[in-house]
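We start with its surroundings and end with its contacts.

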Amino acid sequence: MNVTIPATKADWQAMAETLIPHLESRAFIDDAFVAAASGETFATVNPATGETLARVASCDAADAELAVSCARAAHVRGEWSRLAPGRRKQVLLKLAELMEAHQHELALLDTLDMGKPISSSLGDINGAIGCLRYTAEGIDKLYGEVAPTGEDSLALVLREPIGVVAAIVPWNFPLMMTAWKIAPALAAGNSVILKPSEKSPLSALRLASLAREAGLPRGVFQVLPGFGHTVGKALALSMQVDCLAFTGSTQVGKQLMQYAGQSNLKRVYLECGGKSPNLVFADCKDLDRVASHAAAAIFHNQGEVCIAGSRLLVENAIREVFVDKVVEAAKAMQPGDPLDPGSFMGAMVDKTQYRRVLDYIAKGREEGARLRAGGQALESPGLFIPPTIFDGVTPAMTIGREEIFGPVLSVFGFDTEEEAIAMANDSDYGLAAGLWSQDIDRIMRLSRRLHSGQVFVNNWAGPDMTVPFGGVKQSGNGRDKSLHALTEYTELKTVWMALAP
Ligand code: NAD
């Protein structure tokens, strides 16, 4: 579509009105947009207004079977899997260029579909484009190996595509989570079937048409919208899918491992939930700055973030003062119209998630935590919940242990470093942890002892593509971003040659 750069809420609204009647809502299978084989559709709804945006093809096992056979056929034909990495790079760079040209439209689709603020969606799209570029640039710099054998042989260790990869992704960063999976999987030469969340399918379908325009060959990239228990499960159980790349809840991650065991032992990479601790020590120099980062660490994206800093652990010597500052910082982070570029938070993704968050807030009150901010939904037809802060949370409380995936912060107090580290590590999850201190010895000591895939020191979250992103324990076993993600989507093959004397 023709784009003038939107700058105001009115611009975005006008763009939405033009866009909505022309949304692509069909599945993308074998280079064509098609209805689901069953003809079934489901509604995708704007959570800020309650408006149905489109009825989207509801794929099931029959569509999965067709897409998998097309993906396998493409892999065997080799137009992509055997293409020189440098040529694959050119196609993916072209896709990044097209995404950049359509960035406003893509951002708007995510905002309309799942309620996040438009400023956030623009950041996500930039992240997705950056991921594609970084990964495309990496693929023709990845070398195989010559093994250190004796002189009577030559052993090569080659990296090959795995085959057919099914990428199953969530709704909280629809296009960015997609890019983190499909960029390395495609760059490595695999055929990829994307199953977007049923709560946010629109940007993935738009991406399919851009991928076709960029020159990805038939069957190499396909998109199957639909539900987890139908099309998602069918992909996970397929004997012809070689790898599952998943981002989503721990509960579904566990199911995928079972499906892999029941079928063909496909590889399963999991990026799952979190309940990340954010440790603040009394020696911090600028408590206002730390408080504003601590608030953003949980309230960004309405708290619908896997690495949200949802457990704030504060040294008791500064706790009272510090929590006041966090409450103050949160006042500037209220939810607003997602199409307003000034909104920091938007709407919760759907009624289920909205009720779930409100139930956790009720539980926090019942279990005796002290409510310091928020605590009830805004009076609005949209699904808005303000920043909510509970102090005096203990590890025994439900809101202190379970992933809420909403704008609810649980504050704990500690007196000693030992107490802080024990509390931080007392979780089923291990996705991220934050550490705020001026003491370099403490920083190094605790960075090592925090049982977590990522430790953020005197900041929260590093957006750079160069670093791996992923967790330990029940937060998963995969790594997105960086060259480590790229190698995950390759298979190692040994070629052993005996040399004549
Ligand atoms: P979810 O697990 O409900 O769904 C994720 C995807 O799995 C969706 O596409 C869904 O349709 C599909 N699915 C559901 N059941 C399935 C089944 N039986 N078989 C196959 N597929 C199935 O998660 P969600 O609500 O979309 O996302 C929120 C969760 O994602 C949170 O727990 C959050 O922490 C996690 N998350 C993790 C990361 C990370 O990088 N670690 C990033 C974003 C979100």
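Helices, of at least four residues, and strands, of at least two, are DSSP runs numbered from the N terminus. The model is predicted. On that numbering, three elements each supply at least two residues of the shell around the ligand: helix H8 (228-237), strand E10 (243-247) and helix H9 (250-262). Which of them gives the most? H9 does, with four residues.

What is the shell made of? There are 29 residues around the ligand. They divide into 15 nonpolar, nine polar and five charged. Lys195, Glu198, Ser249, Cys272 and Glu403 come nearest to the ligand.

Next come the polar contacts, for which a pair of N or O atoms must lie within 3.5 Å. The side chain of tryptophan 171 has an N or O atom 2.9 Å from an oxygen atom of the ligand. Glycine 228 uses its backbone: a polar atom there is 3.3 Å from a ligand nitrogen atom. Tyrosine 259 uses its side chain, where a polar atom lies 3.3 Å from a nitrogen atom of the ligand.

How much of the ligand does the protein bury? Taken alone, the ligand exposes 850 Å², and the protein buries 91% of that.

Conventions:
Residues are numbered from 1 along each chain as its sequence is written. This is a predicted model: local features need pLDDT of at least 70, side-chain atom pairs count only at pLDDT 80 or more; totals for chains, interfaces and linings use all residues. Side-chain values use heavy atoms; hydrogens and water are left out. A residue is near a molecule or strand if one of its heavy atoms lies within 4 Å of it. A polar contact is a pair of N or O atoms within 3.5 Å; within protein, one must be able to donate a hydrogen and the other to accept it, and residues adjacent in sequence count only if both atoms are side-chain atoms. Accessible areas come from the Shrake-Rupley method with a 1.4 Å probe; for residues, only the protein chains shown count as cover. Ala, Val, Leu, Ile, Met, Phe, Trp, Tyr, Cys and Pro count as nonpolar, Asp, Glu, Lys and Arg as charged, and the others, Gly among them, as polar.
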